[in-house]
Each structure stands twice: as structure tokens, then as C-alpha cells.
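Please open the model in your viewer and keep the selection panel at hand. The stops below follow one another, each giving something to select and then what is there.

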Amino acid sequence: MIDKLEFFIALAREEHFGRAAELCGITQPTLSAAIKQLEDQLGVMLVKRGSRFQGLTPEGEQVLGWARRIVGDAHAMREEMRAARHGLSGRIRIAAIPTALAMMPRLTTPFREKHPGVTFSILSRTSIEILSLLGNFEIDAGITYLDNEPLGRVTSVPLYHERYQLITSSGNPLAGRDKVTWEEVSRLPLCLLTPDMQNRRIIDQHLAEAGVQMRPTLESNSMIVLFSHIRTGKWSSIMPLTLTETFGFADPVRAIPIVEPDASHTVGLVAGPHMPHTPLVSALLDEAMTLARDFRT
């Protein structure tokens, strides 16, 4: 039953029998037969029938929620038994918004010192993608904004407040200022994250609150691309204080607080709502709470 539920979850995620079968390491006929057996066992149709995948039935949508909970509990049970035998080990999969990637070592390094048998996989993703990956059990945890857009049902640990600074070259006319306004920043040639990133939507929101419209001269989903353009002296950007502190900008780059408003948004760790969490996720939540206390001091 667990295997069939995992196949069903994969099909719902991929929306394609062939891709789902490949993801599960089985043939397409084997996947189709498993889904049919699951339907027979439950006495309902789960998938709209046709020459290709046409979506889930209403009953299929209901079963999908149960399947995710059951499979999540089964994984948690297996990991707990493995931890009881061998100690904490395995791989933790984390997806983080781009602006939080630079602080990841503050979470992963002390965690691995306590649990050397653990390895990490860290991905850069949008906030929307993080919630989708979490819901589909493709990651164990995410680092994302907690207070700007709806999160749904998750377990969360607030880590720090993101405040914003103008990052510009020392030759910029604003470089000697102690602070600048959002309206002043809007006049500069800016390179920013792409609109699918929540950080960009936050920046657009605060510029609109200041009564200005802005079209960046360069957009990218890579922080490295933004950094490299700032260092040319021809572009400026808006980045979180935590990011600028991590990279320790020095000449020829200046970091200047942006006010009117002095905006902040909470970034934290999120995990699935299902309880109990796996031993790995529980330990990661504990480490996040320790890190949160460090940020407050």
C-alpha cells in the first residue's frame, strides 16, 4: 500500500505516467497497474481516464492528501528506527530563497558538528516553489519568508528580520549618505532579482508605498550575477542587511540603509505540518531555534 501511495503521489506531481514511472524507477505499465490496484482497494476512481493523464478525480484529490500524510508518517517511522539503531544519519534536503543562501552555513555547520553522519542537499528556489516541494515531500525543510505571503499549514521557526540596504559603488552620488529613501533609490539604474522571487515582490511593494514606479535595468535569479554587476560601478541593487553583513562589502562597494519606510520581513525555517517529524527534521528544527537565539543577541 505504501509503495502504491508513493506511485500515486509521483503521478499527481508529474501529471504524466511516463515521467512518474521514471521517477519511481519502474516501467509505465507497472505504475498504471499499481494505480488501478489502489483504485480497486479503495473502491473509487482516482485518475480521470484517457489516452494521457487528464487530472485527478475529486476522490483522487482527497486520497492525495491522505497519501501524503501516510507516506510522510511511514518515512518518519523508518528514519526513527534507523536513528535508534545507528544514530542520526542520512541526507537533509533544504530549499532556500536566494537572499537566505549566504546564511545557510550558520545552520548547517553546527548541525553537522553535532551529527557528522548527516549530509546536506541545498537548493535555491522561489518561496512558491519551496512550499510546493515541501508539500510533495521533495524537500525536508525550507528557508523562506514567514509574514509576507500565505504559507498554508507548516511548522515554522522565525530566524531573523530582513531589512533592506542600497548596495552601490563608492563613486555613486549617494555613496556618502548614512541613509537613503526608497524614492531616491528608484532613480538609480538597478539590478534586481526576477519578479518570481518574493524578495522582488517585497521591493516592488515598498517602492509603490513610496509613490514611485521603477523598471530595473537588469534582472536575474542569481545573486552572483547581481553582485558582479554592482562591482562594475555601473549598477546598484537593493539587498537584505543579513546578506550584506555576510559578504562584508568594502570599497568600492557601499551598503546604505533604506528608510521611509524602514521595512522588515521575517525569514525562517519551515517544515511539513505532519507530526511527529522525522528525527532529522526534528533535530534541524532544534538547531534553527538555537540559531534564532543567536540572531537575537
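Begin by selecting Glu-260, which is exposed, with a relative accessible area of 59%; here buried means under 20% relative accessible area, exposed over 50% and partly exposed in between, with a 1.4 Å probe and protein chains only. Before going further, note that this is a predicted model, in which local features need pLDDT of at least 70 and side-chain atom pairs count only at pLDDT 80 or more, while totals for chains, interfaces and linings use all residues. Residues are numbered from 1 along each chain as its sequence is written, and side-chain values use heavy atoms, with hydrogens and water left out.

Glu-260 is found in the loop between β9 and β10, where helices (H or I, at least four residues) and strands (E, at least two) are DSSP runs numbered from the N terminus. Its phi is near 55°, a positive value in a residue other than glycine, and the peptide bond that joins Glu-260 to Pro-261 is cis, with omega about 5°. Most residues other than glycine have a negative phi, and most peptide bonds are trans.

Next, select Phe-137, in the loop between α6 (127-135) and β3 (141-145).

Centre the view on Ile-143, whose contacts (heavy atoms within 4.5 Å), not counting residues up to four places away in sequence, include Ile-94, Met-104, Leu-107, Leu-159 and Val-267.

From there, move to helix α5 (residues 105-114), whose buried residues are Leu-107, Thr-108 and Phe-111. They cover an arc of only 85° around the axis, taken from the directions from the helix axis to the C-beta atoms, which puts them on the same side of α5. Their cover includes β1 (90-96), β2 (118-124), β3, β10 and α11.

Stay with Phe-111, which has a relative accessible area of 0%, and turn to the aromatic pairs, of which the structure holds four. Rings of Phe, Tyr and Trp (its six-membered ring) pair if their centres lie within 6.5 Å, and planes under 30 degrees apart count as stacked, over 60 as edge-to-face and the rest as tilted. The rings of Phe-111 and Phe-120 have centres 5.8 Å apart and planes at 75°, so this pair is edge-to-face.

Finally, select Ser-237, in strand β8 (residues 237-240), which is buried with a relative accessible area of 0%. How many residues apart in sequence are Ser-237 and Leu-166? They are 71 residues apart in sequence and 5.9 Å apart in space, C-alpha to C-alpha. Leaving out residues up to four places away in sequence, Ser-237 touches residues including Gln-165, Leu-166, Cys-191 and Ile-230.
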